[in-house]
Amino acid sequence: MNSSKGIPVVTIDGPAGSGKGTIAQRVARKLGWKILDSGALYRLVALAAQRQGVELDSNNKSLADIAKNLDVIFTPCHEGGVDICLEGDDVTRAVRTEECGNAASKVATNEAVRSALLERQRNFQEYPGLVADGRDMGTVVFPDAKVKIYLTASPEIRAKRRLNQLKEQGINANLPGLVRDIEARDARDSGRKVAPLVPADDAIIIDTDNLSIDEVTNKVLDRVKSVYG
Ligand code: CDP
């Protein structure tokens, strides 16, 4: 299977708060490539399900229908971010809450939801290239990507980063609660049967505990340069 259609793809996977989103945005901006925030798709399925009163159950078939029919528009905005519109409503902020992230990680254990989202994710590929951020970008969605990155960091550091990120967005949270949420989400994401969170065999693992955003971005860009010139 050629999942990447000959279009250059960089996959950036890792646990919650490892910096995937920020790094993916910076790398994509620097290269002038498209971006896929796959977590946003799982968050949107969770949000749409909650709005329709559908249970976030790993066996619930209606969730796959929601995933298939997701009416969503991503509009690039300032500083590499995107505005997200679900069924005509601006949900840019609503999808970023921790509550929505936790709901997304429940929806993400549903195998039918994952297959329903597969083609939608692959369709984000466009020239000159794609930076795809998620949990299974290098293992399932783009297994033949030539640059695969896996970011890690300790739960405490990730919770601190998440706290700052939420504060910047004016969203309230507390550190001990975030550490608990992150550990619970790690366990669910790594322990699930379908597409668990693991580095691809050919991924470069970067421990970001003591690295700045610029240092991580440069490591990824160096790798891209060595592969694509
Ligand atoms: O930003 P953060 O890492 O907290 O979350 P996210 O990337 O937006 O993803 C939210 C949830 O969706 C994760 O906890 C995963 O359970 C799930 N997800 C997934 O299963 N596969 C992906 N490719 C992306 C996200």
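A: A nonpolar core here is a set of buried Ala, Val, Leu, Ile, Met, Phe, Trp, Tyr and Cys residues joined through side-chain atoms within 4.5 Å. Buried means under 20% relative accessible area. The model is predicted.

Start with the core itself. The largest nonpolar core has 35 residues. Leu44, Val45, Leu70, Val113 and Phe142 touch the most other members. Several elements give two or more residues to this core: α2, α3 (62-68), β4 (82-86), α4 (98-107), α5 (111-122), β6 and α6 (137-141). The most comes from α2, with nine residues.

Now to α2. Helix α2 covers residues 38-51. Of the 14 residues, 11 are buried, so α2 is largely enclosed by the rest of the structure. Ser38, Ala40, Leu41, Tyr42, Arg43 and Leu44 are among the buried residues of α2. Val45, Ala46, Leu47, Ala48 and Ala49 are buried in α2 too. Just after the helix comes Gly53, with a positive phi of about 70°.

Next, the sheet. Helix α2 lies across β2 and β6, and runs at about 40° to β2. The open sheet has five strands, ordered β2-β6-β1-β7-β8, and the pairing is parallel. β2 and β8 (204-207) stand at the edges with a single partner strand each, so one side of each has no neighbour in the sheet. Neighbouring strands are turned by 20° against each other on average, direction ignored. Four bridges join β7 and β8 in the parallel sense. Leu151 stands opposite Ile206 in β8. Helix α9 also packs on the sheet, where it touches β1, β7 and β8. The direction of α9 makes about 165° with that of β7.

α1 (residues 20-31) has 12 residues and reaches 16 Å between its first and last C-alpha, close to the 16 Å expected. Its buried residues are Lys20, Ile23, Ala24, Val27 and Ala28. These residues lie on the same side of α1, because they cover an arc of only 130° around the axis. In an α-helix there are 3.6 residues a turn, so residues three or four places apart point the same way. The buried residues of α1 pack against β1 (9-13), β2 (34-37), β6 (130-134) and β7 (147-152), and also against α9 (213-228). Gly32 follows α1 and has a positive phi, near 75°.

One more helix is worth a look. Leu166 sits in helix α7 (residues 155-168). Leu166 counts as buried because its relative accessibility is 2%. Leaving aside neighbours within four places in sequence, Leu166 is in contact with Arg96, Glu98, Ile171, Ala173 and Leu178. Glu98 is 68 residues away along the chain, yet the C-alpha atoms of Leu166 and Glu98 are separated by 8.6 Å.

Key: Residues are numbered from 1 along each chain as its sequence is written. This is a predicted model: local features need pLDDT of at least 70, side-chain atom pairs count only at pLDDT 80 or more; totals for chains, interfaces and linings use all residues. Side-chain values use heavy atoms; hydrogens and water are left out. The expected span of a helix is 1.5 Å times one less than its number of residues. Buried means under 20% relative accessible area, exposed over 50%, partly exposed in between (1.4 Å probe, protein chains only). The arc is that of the directions from the helix axis to the C-beta atoms. Contact means heavy atoms within 4.5 Å. Two strands pair if DSSP finds at least two bridges between them. Axes are lines fitted to C-alpha atoms, for helices over the stretch in contact, and angles run from 0 to 180 degrees between N-to-C directions.
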